[in-house]
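This report covers selected local features of one structure. The sequence and the model are shown first.

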Amino acid sequence: MADIIAALSHAFWLLVSFDADLMEIVWRSLQVTITAVVIASLIGLPFGAWIAVRRFRFRRYVIAIINAFMGLPPVVVGLVVYILLSRSGPFGVLDLLFTPTAMVIAQVIIILPILISITHQSIRDLWANYHDLLISIGTSRWQRVITLLFDARRALLTAVLAGFGRAIGEVGAIMIVGGNIDHVTRVLTTAIALETGKGDFSLALALGIVLIMIAVVLNLLIHTVSKTEREGTW
């Protein structure tokens with residue numbers, strides 16, 4: 001209990017004093033996570049909608065594989081990305097290992113199946129309702145995709161938030177490909193792991209509280225801006 005009280009006090013002090021090291025770590029965490037979520041959304045949302053409205057051979061197997069990849073072990077993703085970006089790997093010439101870019105790549109791989117799967121589920125239900133209407137007015141396939149994406153925007157917002165939550169809490173993969181280098185690739189989760197290893201539980205808990213506060217505040221902000229739950233029938 002004493003550790004928790006000390007952590008709360010420490011977290012409060014770090015926030016009100018705008019601790020320079022904390023602000024740097026928080027900014028890097030948000031920068032890496034938001035970049036990964038934006039890239040994954042640009043790929044995952046249209047692709048999830050496309051496989052919902054498109055019938056092709058092996059479609060069921062593709063969907064099953066994507067759903068299975070939702071549970072990808074982060075350390076395995078980190079290991080694969082590490083091998084690909086290492087000096088002896090096929091992309092070693094790009095010199096991306098132990099950089100924020102490598103961390104973004106790992107996070108995109110981890111959250112992409114989540115975004116695709118949730119989008120597919122949401123669009124599939126809408127497609128069943130609007131199929132005849134959209135076909136009858138002669139829309140192209142991509143016009144149908146865009147229309148369904150717009151109509152499912154609230155469900156897709158949930159998908160994006162789920163991806164953000166998974167990405168900002170990730171530690172295994174980004175520890176491997178980022179290296180937890182001070183002032184370069186250290187983010188909140190890797191800093192928590194470092195301080196726990198050093199035995200500084202108070203600071204580790206304080207960083208954890210800051211991490212949770214960021215996730216909660218960002219979710220509240222997005223729900224407020226998008227007016228979620230204000231236009232429902234309940």
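The sections below cover the basis of the values, a surface patch and two further residues.

## Basis

This is a predicted model, in which local features need pLDDT of at least 70, side-chain atom pairs count only at pLDDT 80 or more, and totals for chains, interfaces and linings use all residues. Residues are numbered from 1 along each chain as its sequence is written, and side-chain values use heavy atoms, with hydrogens and water left out.

## Nonpolar patch

Val75, Val76, Val80, Leu84, Phe91, Val93 and Leu94 make a nonpolar surface patch of about 620 Å². Patch residues have over 30% relative accessible area and no salt bridge, and nonpolar side chains (Val, Leu, Ile, Met, Phe, Trp, Tyr) are joined within 5 Å, like charges within 9 Å. A salt bridge is a side-chain nitrogen of Lys or Arg within 4 Å of a carboxyl oxygen of Asp or Glu. Areas come from the Shrake-Rupley method with a 1.4 Å probe; for residues, only the protein chains shown count as cover.

Val75 lies in helix α4 (residues 74-85); helices are DSSP runs of H or I, at least four residues, numbered from the N terminus. With a relative accessible area of 47%, Val75 is partly exposed (buried is under 20%, exposed over 50%, partly exposed in between).

## Gln107

Gln107 is part of helix α5 (residues 100-136) and is buried, at 2% relative accessible area. Leaving out residues up to four places away in sequence, Gln107 touches Val32, Thr33, Ala36, Ala167, Glu170 and Ile174 (contact means heavy atoms within 4.5 Å).

## Ile192

Ile192 sits in helix α9 (residues 188-198) and counts as buried at 19% relative accessibility. Beyond four places away in sequence, Ile192 touches Ala204, Leu207, Gly208 and Leu211. Val62 and Ile192 are 130 residues apart in sequence and 37 Å apart in space, C-alpha to C-alpha.

Conventions
Helix = DSSP H or I, 4+ residues; strand = E, 2+ residues; numbered from the N terminus. Buried < 20%, exposed > 50% of the residue type's maximum accessible area, 1.4 Å probe, protein only.
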